[in-house]
Amino acid sequence: TCQHVSSLDLKNLCFVHLSRFLLFFSLQTFEKLLIANRGEIACRVIKTCKKMGIKTVAIHSDVDANAVHVKMADEAVCVGPAPTSKSYLNMDAIMEVIKKTRAQAVHPGYGFLSENKEFARRLASEGVTFIGPDTHAIQAMGDKIESKLLAKNAKVNTIPGFDGVVKDADEAVRIAREIGYPVMIKASAGGGGKGMRIAWDDEETREGFRFSSQEAASSFGDDRLLIEKFIDNPRHIEIQVLADKHGNALWLNERECSIQRRNQKVVEEAPSTFLDPETRRAMGEQAVALAKAVKYSSAGTVEFLVDSSKNFYFLEMNTRLQVEHPVTECITGLDLVQEMIRVAKGYPLRHKQADIPINGWAVECRVYAEDPYKSFGLPSIGKLSQYQEPLHVPSVRVDSGIQQGSDISIYYDPMISKLITYGSNRAEALKRMEEALDNYVIRGVAHNISLLREVIIHPRFVQGDISTKFLPEVYPDGFKGHKLTDLERRELLATAASLYVAEQLRSQRFLGTPRIPIAKSKQSSWELSVRLGDGIYPVAVSKDGSSFSPCLVSQQVEVDGMKLNVTSEWNLASPLLSVTIDGTQRTIQRLSRNASGDTSIQFLGTVYKLQILTKVAAELSKYMPEKAAEDTSSILRSPMPGAVVAVSVKPGDMVSEGQEICVIEAMKMQNSMIAAKTGKVKAVHCKAGDTVGEGDLLVELE
């Protein structure tokens, strides 16, 4: 308090506060900033704005009224109904909000209007600052055809291909033949894997042209396509650049983004295990040369494909903040959102190229509401009934825009969060990621934690032997979850049996006292039968030590004739359960259980279904009838929630195995549904424009 401070100290204290006050106003950027986005990136921008003392305005659709980014912002305004074309892409509505709230600047995040030159032009005409490059750079780099020509002129290595707009499917086939298969068909205005197809022959080129043009029109309002040579088995490595309005530009090292599914990134890291200092410098210098060629000012990313000989080719430049920017922030110490805001206000860069370090290693996993067992991830929708981020794990960062009770809807990208771990080296960062994934609680929707965990512990990934084909090469028959070793199977069976016994003991107690004190149970061993997959295993659990309370359980469990010591506090109210098996600590989650002994346990990232019965109950269960499995060859059900874009058949039509029946669009991606067998169409239960849920019946065959 002031009475304990001398007059000299008080003057010094006031001087310090005045200096900070003057420093704030000398570096003042904007008083109010609108974020033209939603979800985790909107929350990410708001956090930096709070740090900089900038008031924020959130926009939202009607279904996002209770979203986290809406609650975090100082002001929030609804811009329309759920479909993106009527809300987050509705420029007129957003411009009205800007005028109404008197926002001085707009940060577009990524996706939506982040690379829309018309939006940037309209902001400039109203005197509102666009946190990003000017319209010229957006136009030049946002158009893949123009950007490729500019890259060639800037002496940047480019992929062989056709430099014009492809008019129709016939021209696409002709161009593809000239370039030589395989080819990549992609949206000129695209990004994020939308409007992108690989074709290996004429038929796939025609189909790819149709789907890519439809996706491009839906996602970007621009159906122009280009075709280029597809480089087989490449790495996807990108360079982060940062440039100001004074001619200064830096490259902030690389990000390895080769782990992908459907051309969308799943796991990213910085730096890359593959690049040597010379290649890194060459890629960085070419990226900066391209940025300077278009007078770029802001944060941007130049993406390259790198072959096994370290030859690299320009892929595209994203004139916005990338989804995976946190890994760069971790190894450089820079706040890229803050740098973007400073540059937009006109300040020069604070750093020189020699100041940019590579400190440690960072890994990012994109956690999606997706079922990884279906094509490495088909969208899942629903309400997050339980949600707990693993922030108690050291050196973990979670960028999310959801919370417990949030809805994952069919209207937007199914990303739940970006999970980032940091370490002094790659091994440390990966170990922390493994722990963080085990400690991540997500209930109510399907999620891809199991796939992410399997990727980061796979020997090929650990060794750095990766490419954009990693997932289909490692899992040629699709992802099946973690394959248990004999030791891991015994650990799971022992853990499940120990948990079952702890629960039985707890059910016999009331407020820490046996329910019937007169008839004390003297049971000290249990003979159980545990079903896991196709196997049924006898498991014996016995008391280990003098105390046997449900709070601290130490047991000896016999599986396959081998004895394992299992110790846990078994806090059954917690979604995370820590257990030690023969000295090895594991974090598991029990997702469900019922009176029939069925239970689901998340162990090593994968959810396993078990049935735990006493020996007597197991003997009696043999007499229970089993439900016959549904014959799925004659019916087509929707594998995901989405909207029906087209139906290609009608009752009475003959269809061949593999023939397209209908097209479902989910999260802006179009998916072709095909017949499982040859036959006649008996009934069609959907039409174009319908919204369908996962498992809904679409078509029946006779």
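**Note on the structure**

1. Strand S6 (residues 183-187) pairs with S8 in the antiparallel sense over five bridges. Strands here (E, at least two residues) and helices (H or I, at least four) are DSSP runs numbered from the N terminus, and two strands pair if DSSP finds at least two bridges between them. Methionine 184 stands opposite glutamate 228 in S8. The model is a predicted one, in which local features need pLDDT of at least 70 and side-chain atom pairs count only at pLDDT 80 or more, while totals for chains, interfaces and linings use all residues. Residues are numbered from 1 along each chain as its sequence is written, and side-chain values use heavy atoms, with hydrogens and water left out.

2. The sheet that contains this pair is open and has three strands in the order S7-S6-S8, with antiparallel pairing. Strand S7 (196-199) and strand S8 (225-229) stand at the edges with a single partner strand each, so one side of each is left without a neighbour in the sheet. From one strand to the next, the twist averages 20°. Angles run from 0 to 180 degrees between N-to-C directions, and axes are lines fitted to C-alpha atoms, for helices over the stretch in contact.

3. Two helices lie across S6 and S8. H7 runs at about 45° to S8, and helix H8 (residues 169-179) runs at about 20° to S8. Contact means heavy atoms within 4.5 Å.

4. H7 also packs against another helix. Helix H6 (residues 135-142) and helix H7 (residues 144-153) meet at an angle of about 95°, with their axes 5 Å apart. That makes H6 roughly perpendicular to H7; angles of 65 to 115 degrees count as roughly perpendicular, under 35 as roughly parallel, over 145 as roughly antiparallel and the rest as oblique. Gln139, Ala140, Met141 and Gly142 of H6 make the contact with Lys144, Glu146, Ser147 and Leu150 of H7. By class, this contact has three nonpolar, three polar and two charged residues. Ala, Val, Leu, Ile, Met, Phe, Trp, Tyr, Cys and Pro count as nonpolar, Asp, Glu, Lys and Arg as charged, and the others, Gly among them, as polar.

5. Which residues of H6 are buried? They are Ala137, Ile138, Ala140, Met141 and Gly142, where buried means under 20% relative accessible area, exposed over 50% and partly exposed in between (1.4 Å probe, protein chains only). The buried residues of H6 pack against helix H5 (117-125), strand S5 (129-130), H7, helix H10 (277-293) and S13.

6. Strand S13 (residues 312-318) has six of its seven residues buried, so S13 is largely enclosed by the rest of the structure. Strand S12 (residues 298-306) pairs with S13 in the antiparallel sense over six bridges, and phenylalanine 304 has phenylalanine 314 in S13 as its bridge partner. S12 and S13 form a hairpin with five residues between them, and lysine 310 in the turn has a positive phi of about 70°.

7. A further open sheet has four strands in the order S33-S40-S38-S35, with antiparallel pairing. Its edges are strand S33 (635-637) and strand S35 (654-655), each with a single partner strand, so one side of each is left without a neighbour in the sheet. Three bridges join S33 to strand S40 (residues 697-701), and these strands run antiparallel. Leucine 636 has valine 699 in S40 as its bridge partner.

8. Two single residues may be set against each other. Threonine 29, in the loop between helix H1 (7-26) and strand S1 (32-35), counts as buried at 8% relative accessibility. Leaving aside residues up to four places away in sequence, threonine 29 touches Met52, Ile54, Ile341, Arg342, Lys345 and Tyr347. Arginine 593, in strand S30 (residues 584-593), counts as exposed at 53% relative accessibility. With residues up to four places away in sequence not counted, arginine 593 touches Glu503, Asp598 and Thr599.

9. As to the whole chain, the secondary structure comes to 18 helices and 40 strands. The radius of gyration of the protein chain is 28 Å, close to the 27 Å that the globule rule gives for 702 residues, so the chain is as compact as a globular protein of that length. This radius is taken over C-alpha atoms, and the rule is 2.2 Å times the number of residues to the power 0.38. Of the 702 residues, 54% count as buried.
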